[in-house]
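Reader: I have a chain to look over. Can you take me through it, starting with the surface?

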Amino acid sequence: MNIKEAAARSGLPAKTIRYYEEIGLVRPLRDMNGYRRFRESDLHKLGFLGRARSLGFSIDECRTLLALWEDRARASADVKRLAERHLEQIAAKIAELQAMQATLSHLVSACAGDDRPDCPILEGLSAGPGCCGGAEAGLRRP
């Protein structure tokens, strides 16, 4: 199948498929005219990569996961270790986003949102790093 068909069946854009080929994650056959010819095994890899990327795995992690998937002598512990490490990174990102949400929510609730020029949101943003972590932080003038 050609790249258009592979893109339709895998759900990945052709540009992404070309990139994955460029960095060596997939290696479709080439016809005499140079056109890519994707096999079912290539399609399976593309689906695998699409699912892994949708879970936030990096390209390097995907490369490792593909190598583990292709290695029939692998230990599932190796795969689990990689997934656990990624899960820890996701948890850290969630905690960071929750802290951002709490800070911004606090600043937004402190702002009257009226016609006056004073604005706790702008004051909090201009106060610098670490200014907005506490309950009243970011609400004081420097």
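Author: The protein chain has an accessible surface of about 9800 Å², and carbon and sulfur atoms hold 56% of that area. Areas come from the Shrake-Rupley method with a 1.4 Å probe, and for residues only the protein chains shown count as cover. This is a predicted model: local features need pLDDT of at least 70, side-chain atom pairs count only at pLDDT 80 or more, and totals for chains, interfaces and linings use all residues. Residues are numbered from 1 along each chain as its sequence is written, and side-chain values use heavy atoms, with hydrogens and water left out.

Reader: What share of the residues is buried?

Author: Of the 142 residues in the protein chain, 28% are buried. Buried means under 20% relative accessible area, exposed over 50%, partly exposed in between (1.4 Å probe, protein chains only).

Reader: Switching topic, how many disulfides are there?

Author: The structure has zero disulfides, a disulfide being a pair of cysteine sulfur atoms within 2.5 Å.

Reader: How many aromatic pairs?

Author: Two, where rings of Phe, Tyr and Trp (its six-membered ring) pair if their centres lie within 6.5 Å; planes under 30 degrees apart count as stacked, over 60 as edge-to-face and the rest as tilted. The Tyr19 and Tyr20 rings have centres 6.2 Å apart and planes at 45°, so that pair is tilted.
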